[in-house]
Amino acid sequence: MFKFITNRPFWVNLLAAAALALLIIFILLKMLGWITKHDSYLKVPAVLGKKTKEGVKLLEENGFQVEIVDSVYTDTAKAGIVLKQLPDPNATVKINRTVFITVNREIPPMIDMPKLEGQSLGFALDLLERNHLKLGDTIFKPDFQAGYVLEQQYNGVHIPEKAKVRWGSPITLVVGKVSDEQFMVPSVVGMTYGEAKSMLEGLGIVIATVIADPDVKDTASAFVWKQNPERFDDDKKPRYIRAGQVMDLRVSQQMKIVADSIDNK
């Protein structure tokens, strides 16, 4: 066997070795192409808009690996569907290629409640939209802050800023308005502050200032002995007020009898 090699000229053996090496390299390249399916290409199926499980199954059945790279939420698309895919639908790619998909979440996420109180109604509506919330109802309440949000509510209960609320939840806004209807200034002199506050709030009158005498220990149980505006003017003519306007009160721990208050009742 070795005589066959040694009896030939060196250059013949060298050519034979080179030819053998090229043959081996050619066979290896062919085998590598077969193993990696070098010349096998497929079109990526379109899974946009399909349910996530359905889309994953379709891609895997067509020879693709699938990876969910993101899970987001949008209320403009159905829950649980494929929103994005990469490579794009009908793109020609190599078999066994990984397809990356983004899906729409099944359940809306929780978000922070924005601060709407103290904002104008128009700006509050814009904040609702930007924070992915909806306007549920609008309640107008007599107040000097006409056109401004007095309170934000969810399910009939006040919801504070930064409290967690579900994406897309309806938010009720209590908005101030000034009434054109006038009525006679009510008299709260002689009432406790708590009674006066309840009565005035029911009429839509805002208590602007409460001045307490030095003896007051508990404002709620203190007695109102002076109010501004008073029920009658200096000529004993009735004064009128409308919802949304303000009243100042003076209170004392003990009941005070003021001559003017007797005349004004």
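Are Y73 and W167 buried or exposed? In this predicted model, where local features need pLDDT of at least 70, side-chain atom pairs count only at pLDDT 80 or more and totals for chains, interfaces and linings use all residues, Y73 is buried, and so is W167 (buried means under 20% relative accessible area, exposed over 50%, partly exposed in between, with a 1.4 Å probe and protein chains only). Residues are numbered from 1 along each chain as its sequence is written, and side-chain values use heavy atoms, with hydrogens and water left out.

One aromatic pair is found, counting rings of Phe, Tyr and Trp (its six-membered ring) whose centres lie within 6.5 Å, with planes under 30 degrees apart taken as stacked, over 60 as edge-to-face and the rest as tilted. Y73 and W167 make up this edge-to-face pair, at 5.1 Å centre to centre and 80 degrees between the planes. The two residues are 94 residues apart and link distant parts of the chain, with Y73 in the loop between β2 (65-72) and β3 (82-86) and W167 in the loop between β10 (164-166) and β11. Strands here are DSSP runs (E, at least two residues) and helices likewise (H or I, at least four), numbered from the N terminus.

Strand β11 also belongs to an open, mixed sheet of four strands, ordered β7-β11-β8-β9, where pairing requires at least two DSSP bridges between two strands. Because β7 (134-142) and β9 (157-158) stand at the edges with a single partner strand each, one side of each is left without a neighbour in the sheet. Strands β8 (residues 149-154) and β11 (residues 170-177) run antiparallel and are joined by four bridges; V149 has V175 as its bridge partner in β11.
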